[in-house]
Amino acid sequence: MKRLKAGDIIYRLFAIVFFLIFIYPIYFTVVSSFKTNTEIWNTMFALPSKIEWSNYTSAIFDVGILRAVLNSFIFSFGACMVVVVFVTMAAYVAARKLIRFSGALRLYYLLGLMIPPYAMLIPIVTMFTNFGFRDKYWPMILLYAAINFPMSFYLITGYIEGISKELDEAAIVDGCSTTGIVFRIIFPIASPGIFTGAIISFLAVYNELIFANTLLTNQAMKTISVRLLGLQGERFTSYGPMFASIVLSIVPILIIYLIFQEKVESGMAAGAVKG
Amino acid sequence: MFGVMSRRKKIEAILLSLPAFLLYSFIFIYPMISVFRLSLFKWNGIPNSPLQFVGIQNYLALFADRKFFTALTNVGIFILSGCILILPVAVFLATVVQSKLRGKRLLKTSYFMPQVISRTAIALMWYFLLYPEGGPLATLIHGLGFDSVNVNFLGSQTYAIYAITVINAWTYAGFNMLIFSAGLTAIPEDVYEAAKVDGAKGWQKLRYITIPMLKSSFQIFLLNCVVGSITTFEMVYVTTGGGPGSASEVFGTLLYKNAFTYNNYGYSNAMGSFLIIASFLASVLLTGLFARGQKE
């Protein structure tokens, strides 16, 4: 075996140090969620001596974190579905330039990538109040779909442009309508690209805070971010349930990330190159 | 016959792009126009209470506000911290995930993981990590013998903003790693082979091949760093809320507080307009600048 040079050893050491820096806060949260209050502060690097399940029952029954997880899932899934259907139809038309002003339309949508949605917070809150949309699932889902639409549109249009036109031309000769082409031909072929767009939207909505925090006031409607933010202000006799709540709210999204790792990473990397 | 068909196809295409167009226009663009319009009015936020036209007064109030300049400085600190803290770490992590190290998949996962976690959860985690009375970092610092160090970082007027930039770097390093790792993949292997033949050492390869060839990655990074810093909000909101006092205020927290704490909606909408224009201009100008650099 080749001997390692000093430089290589330092390089590997740094790689591992960064591994520890990134993993330790998560490790600390997970082990603390199984500890008693005194043990959390006394043994910050060790595993729990005895597993304290009561933290979890408290997170579920006192904090109601599972309800928040469910809400986050409903909003994310709903917004994802709306985005997927709307974007695929619009992206196909834009990618194949089927209508006039397709180019202008793309710039119009690109604008949404350059502007932080929360800048529009006040008109949106006013709109929701006036229409009685607060604390309702559908308006919130549509809002999230609109916010995440530009990014998915950008990703999916790019993907559809990479698909050979011959396929849709053959379908046109066979008398297939444009709608038929979108759903029977483009949808299955572009599904990797569509899925990437969908999962990026899913992550963004699952973790969204600002709009959820201002528009959802009913406890039963709150999402994980809003619920966790609320915990910051609450006085706890024990911190264990707080850590358990964090764990329960991030585990689902970490599982989704681990399953679709490549998709999440490639989607985010592509999203960074917008413009 | 053909003309009729083609008209039908055109209408079909318009109908297909209509839902997305309407959704985006009503929930994104229409509120954007409202922000500009409402920024010219004074309003206390109570529905049905009258709007009072004040012209550019909200903007004058905004630019005369000392907190606005605190926010501007803090955004500058965010941009600098991106270049000093995130950039080198992200480049290093990118080389790790592109290397032939064993276990690099696990390393990559750990580096990227913070990116998919809710910012509120991250803030809570770090609240405990930085807990002044017996939290891990305080214990570590005091354990190393620095007893006199004030470890209440998030509660300090001076250090709060720096503490936030560290949490921010922890969160976003993995995301920026992806930008550079994509850049590294694009460098053909034979360039390094040729350099090896010419006797280039590790550092020379980094200096004369890797860094120059990552130019577009650096540009993407800078664009994201500048725009991301101008529009940063959640991270500050969940960690300090802009405090203590107004020490860690950024544009987003000012917008939020003025609306929902002080009922000063005119100010908030002026801030909203400022944010829209600033982030739009930053994107367009930087993209244009880089495009010109490409041509020369």
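Chain A is split into domain 1 (6-53) and domain 2 (55-272), with bounds that come from an automatic or database domain assignment. The model is predicted: local features need pLDDT of at least 70, side-chain atom pairs count only at pLDDT 80 or more, and totals for chains, interfaces and linings use all residues. Residues are numbered from 1 along each chain as its sequence is written, while chains are lettered from A and ligands numbered from 1 in the order in which they are written.

**Domains of chain A**

- The centres of domain 1 of chain A and domain 2 of chain A, taken over C-alpha atoms, are 32 Å apart.
- Domain 1 of chain A puts 11 residues into the contact and domain 2 of chain A puts in 10 residues; two residues are in contact if their C-beta atoms, placed from the backbone, lie within 7 Å.
- On the side of domain 1 of chain A that touches domain 2 of chain A, the elements giving two or more residues are α1 and α2 (37-42) of chain A.
- α1(A) gives the most to that side, with 3 residues.
- By residue class, that side of domain 1 of chain A holds 4 nonpolar, 5 polar and 2 charged residues. Ala, Val, Leu, Ile, Met, Phe, Trp, Tyr, Cys and Pro count as nonpolar, Asp, Glu, Lys and Arg as charged, and the others, Gly among them, as polar.

**Fold of chain A**

- Chain A has 14 helices and 0 strands; helices (H or I, at least four residues) and strands (E, at least two) are DSSP runs, numbered from the N terminus.
- Along the principal axes, the C-alpha atoms of chain A fill a box of roughly 70 × 70 × 30 Å.
- Of the 275 residues in chain A, 45% are buried, a residue being buried if 20 or more other C-beta atoms, placed from the backbone, lie within 10 Å of its own.
- Among contacts in chain A between residues at least 6 apart in sequence, 79% link residues at least 24 apart.

**Interface of chains A and B**

- The contact involves 71 residues from chain A and 69 residues from chain B.
- Helix α1 (residues 6-32) of chain A supplies the largest share of the side of chain A that touches chain B, with 12 residues.
- The side of chain A that touches chain B consists of 55 nonpolar, 14 polar and 2 charged residues.

**UniProt annotation**

- For chain A, UniProt (unreviewed entry) gives "transmembrane region" at residues 9-27, 73-95, 107-129, 141-160, 181-206 and 239-260. UniProt positions are given in the numbering used here, feature names are shortened, and annotations may be inferred rather than shown by experiment.
- Residues 9-27 of chain A are 100% helix and 0% strand, with end C-alpha atoms 25 Å apart.
- Residues 107-129 of chain A are 74% helix and 0% strand, and their end C-alpha atoms lie 31 Å apart.
- For chain B, UniProt (unreviewed entry) places "transmembrane region" at residues 12-33, 75-97, 159-187 and 270-291.
- Residues 12-33 of chain B are 100% helix and 0% strand, and the end C-alpha atoms lie 29 Å apart.
- Residues 75-97 of chain B are 100% helix and 0% strand, and the end C-alpha atoms are 30 Å apart.
- UniProt (unreviewed entry) also lists "domain: ABC transmembrane type-1" at residues 72-286 of chain B; this span is 73% helix and 0% strand, with end C-alpha atoms 19 Å apart.

**Model confidence**

- Chain A has a mean pLDDT of 90, and 97% of its residues reach 70 or more; pLDDT is the predictor's confidence in each residue, from 0 to 100.

Key. Buried ≥ 20, exposed ≤ 12 C-beta atoms within 10 Å, placed from the backbone.
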